[in-house]
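Me: I would like to learn how to read the features of a helical model one at a time. Could you take me through the structure shown here?

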Amino acid sequence: MGAAVFFGCTFIAFGPAFSLFFFTVAGDPLRVIILVAGAFFWLVSLLLSSLIWFVSVHLSNQENASLQYGLLIFGAAVSVLLQEAFRFAYYRLLKKADEGLAAISEDGKSPISIQQMAYVSGLAFGIISGAYSVINILADSLGPGTVGIYGDSPYYFITSAFLTMAIVFLHTFWGMVFFSACEKRQFLILGVVVVSHLLASGLTFLNPWYKSSLIPIYMLTVAMGIWAFITAGGSLRNLQRCISCKSFFGRNKSYNVI
């Protein structure tokens, strides 16, 4: 039973993310480099936020439960702010790299667009963030033990998996909107991205009332996904063409549909 829970939750949490990686990133070495570097930037932000939280806990009264809970909320907020700060730093680095790639190319154009960089870097932040948030939970799901035997929710593992999947998508969408706002110098949109990240992080403190946290987070995910789609130049017509596969069949006249 433990193995079934482990593999089921793993596929829920990371199945979509690794599908995106396999189909959109793995075939391009430059995108793989951007993804690995993006994961490194997120890890550095995690290291700094963990250090701040660790120092604040040890300098405070560790027997005061309400104070420690407040420091946990403070640490989560600091972590979000540092992640967005490092997202901006990574944008600046990629912008410089993009200019260098364009300068050495034969046609004077970069081999990768800023929208593609935004997507890959956001996916990198999402995958590594999801991995660190759920890896210990997945390890515990292997057992021994039975979830909910002492009256706790039996949906802990499955809910954590769905929450991780949402966080991966959110980081991808945040990256696309964030980079676009940086390109256009839309500081209000940058603030909206940061606030929505803080909101998503804050909603997790409602657990174990999973309906109160998971449903709003998925509503936020859908909203950010639509925003990222529009930001990337998507339109209703393009979506209809994608669903109906008109563009594919239009280029393949010999393809017969039975």
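Me: Where is the kink in α4 centred?

Reply: In this predicted model, the kink in α4 is centred on Val 134 and comes to about 45 degrees. The helix itself covers residues 114–141, 28 residues in total, and its first and last C-alpha atoms are 39 Å apart, close to the 40 Å expected at 1.5 Å a residue.

Me: How many helices and strands does the chain have?

Reply: There are nine helices and zero strands, which read along the sequence as α-α-α-α-α-α-α-α-α. Of the 258 residues in the chain, 36% are buried.

Me: At what angle do α5 and α7 pack?

Reply: Helix α5, residues 156–184, packs on helix α7, residues 210–231, at an angle of about 30 degrees, and their axes lie 9 Å apart. Because angles under 35 degrees count as roughly parallel, α5 is described as roughly parallel to α7. The crossing of α5 past α7 is left-handed, and the residues of their contact divide into 19 nonpolar, five polar and no charged.

Me: What is the phi of Arg 185, and is this residue buried or exposed?

Reply: As a general idea, most residues other than glycine have a negative phi. Arg 185, although not a glycine, has a positive phi of about 55 degrees. The residue lies in the loop between α5 and α6, the latter helix spanning 187–203. With a relative accessible area of 64%, Arg 185 is exposed, since the cut-off for that word is over 50%.

Definitions and conventions:
Residues are numbered from 1 along each chain as its sequence is written. This is a predicted model: local features need pLDDT of at least 70, side-chain atom pairs count only at pLDDT 80 or more; totals for chains, interfaces and linings use all residues. Side-chain values use heavy atoms; hydrogens and water are left out. Axes are lines fitted to C-alpha atoms, for helices over the stretch in contact, and angles run from 0 to 180 degrees between N-to-C directions. Helices (H or I, at least four residues) and strands (E, at least two) are DSSP runs, numbered from the N terminus. Angles under 35 degrees count as roughly parallel, over 145 as roughly antiparallel, 65 to 115 as roughly perpendicular and the rest as oblique. A crossing is left-handed if the near helix is turned anticlockwise from the far one by less than a right angle, and right-handed if clockwise. Ala, Val, Leu, Ile, Met, Phe, Trp, Tyr, Cys and Pro count as nonpolar, Asp, Glu, Lys and Arg as charged, and the others, Gly among them, as polar. Buried means under 20% relative accessible area, exposed over 50%, partly exposed in between (1.4 Å probe, protein chains only). The expected span of a helix is 1.5 Å times one less than its number of residues. The bend at a residue is the angle between axes fitted to the seven residues ending there and the seven starting there.
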